[in-house]
Amino acid sequence: MTSRNAQPGYVLTTHASIRLQQRGIPAWFLALLIRHGKTFHDGHGAVIKTVNKNTRRRLQTVLSRTEYADAERYFDVYAVVGPDMAVVTAAHRTSRTHVH
């Protein structure tokens with residue numbers, strides 16, 4: 001089974017569903033991001049899932065070369081997941097993230 005056929009283990013809010021469509025972020029990549037992405041706490045109860053160097057290495061072992069190449073164009077995407085495990089929103093990162 002490829003990652004694109006995997007059933008998502010999360011819930012999308014209406015806002016997130018609209019934003020994913022508007023921003024051209026496929027559900028299969030969101031599933032990868034939720035499962036393998038680096039987690040940062042936002043200090044308000046939600047977590048931010050993003051792709052960092054370790055995530056890229058992990059995805060290289062999980063995905064085929066073709067799937068990895070398809071996923072690379074979305075490595076600038078981040079998702080905000082609420083405390084109820086619902087995806088609140090997702091977007092393309094437009095500036096560098098500073099983690100303190």
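# Reading a fold, one residue at a time

Tutor: Let us start with Tyr-74, which is buried at a relative accessible area of 10%. Buried means under 20% relative accessible area, exposed over 50%, and partly exposed in between, with a 1.4 Å probe and protein chains only. The model is predicted, so local features need pLDDT of at least 70 and side-chain atom pairs count only at pLDDT 80 or more, while totals for chains, interfaces and linings use all residues. Residues are numbered from 1 along each chain as its sequence is written, and side-chain values use heavy atoms, with hydrogens and water left out.

Student: How do I read a pair of aromatic rings, and how many aromatic pairs does a search of the whole structure find?

Tutor: A pair of aromatic rings is described by the distance of the centres and the angle of the planes. Rings of Phe, Tyr and Trp (its six-membered ring) pair if their centres lie within 6.5 Å; planes under 30 degrees apart count as stacked, over 60 as edge-to-face and the rest as tilted. Here the search finds five aromatic pairs. In one of them, the ring centres of Phe-29 and Tyr-74 are 5.6 Å apart and the planes stand at 35°, so this pair is tilted. Phe-29 belongs to helix α2 and Tyr-74 to the loop between α4 and β4, so the pair ties together parts that are 45 residues apart in sequence. Helices (H or I, at least four residues) and strands (E, at least two) are DSSP runs, numbered from the N terminus.

Student: Which kind of aromatic pair do Tyr-68 and Phe-75 form?

Tutor: They form an edge-to-face pair, 5.5 Å centre to centre with 70° between the planes. Tyr-68 and Phe-75 are both buried. Ring pairs also link Trp-28, Phe-29, Tyr-68, Tyr-74 and Phe-75 into a cluster.

Student: What does Phe-29 touch, leaving aside its neighbours within four places in sequence?

Tutor: Contact means heavy atoms within 4.5 Å. Beyond those neighbours, Phe-29 is in contact with Val-51, Ala-71, Tyr-74, Phe-75 and Val-77. Phe-29 counts as buried, at 1% relative accessibility. The C-alpha atoms of Phe-29 and Phe-75 are separated by 9.2 Å, although these residues are 46 apart along the chain.

Student: And how many residues does the largest nonpolar core have?

Tutor: A nonpolar core is a set of buried Ala, Val, Leu, Ile, Met, Phe, Trp, Tyr and Cys residues joined through side-chain atoms within 4.5 Å. The largest one here has 24 residues, and those with the most contacts inside it are Phe-29, Leu-30, Leu-33, Ile-34, Phe-75 and Val-87. Two or more residues come from each of α1 (14-23), α2 (27-36), α4 (65-72), β4 (77-81) and β5 (86-92). Helix α2 gives the most, with seven residues.

Student: Which residues of α4 are buried?

Tutor: Glu-67, Tyr-68 and Ala-71 are the buried ones. They cover an arc of only 100° around the axis, which puts them on the same side of α4; the arc is that of the directions from the helix axis to the C-beta atoms. On the other side of α4, Arg-65 and Thr-66 are exposed. The buried residues pack against α2 and α3 (53-62).

Student: Now the sheet: what is the order of its five strands?

Tutor: Strands of a sheet pair through backbone hydrogen bonds, either parallel or antiparallel. Two strands pair if DSSP finds at least two bridges between them. This open sheet has the order β1-β5-β4-β3-β2, with mixed pairing. At the edges stand β1 (11-12) and β2, each with a single partner strand, so one side of each has no neighbour in the sheet. Strands β4 and β5 pair in the antiparallel sense over five bridges, and Val-77 has His-92 in β5 as its bridge partner. Strands β2 (38-41) and β3 (47-50) are also antiparallel, over four bridges.

Student: How many residues lie between β2 and β3 in their hairpin?

Tutor: There are five, and Gly-43 in the turn has a positive phi of about 85°. Met-85 has a positive phi too, about 65°, although it is not a glycine. Met-85 lies in the loop between β4 and β5 and is partly exposed, at 48% relative accessible area.
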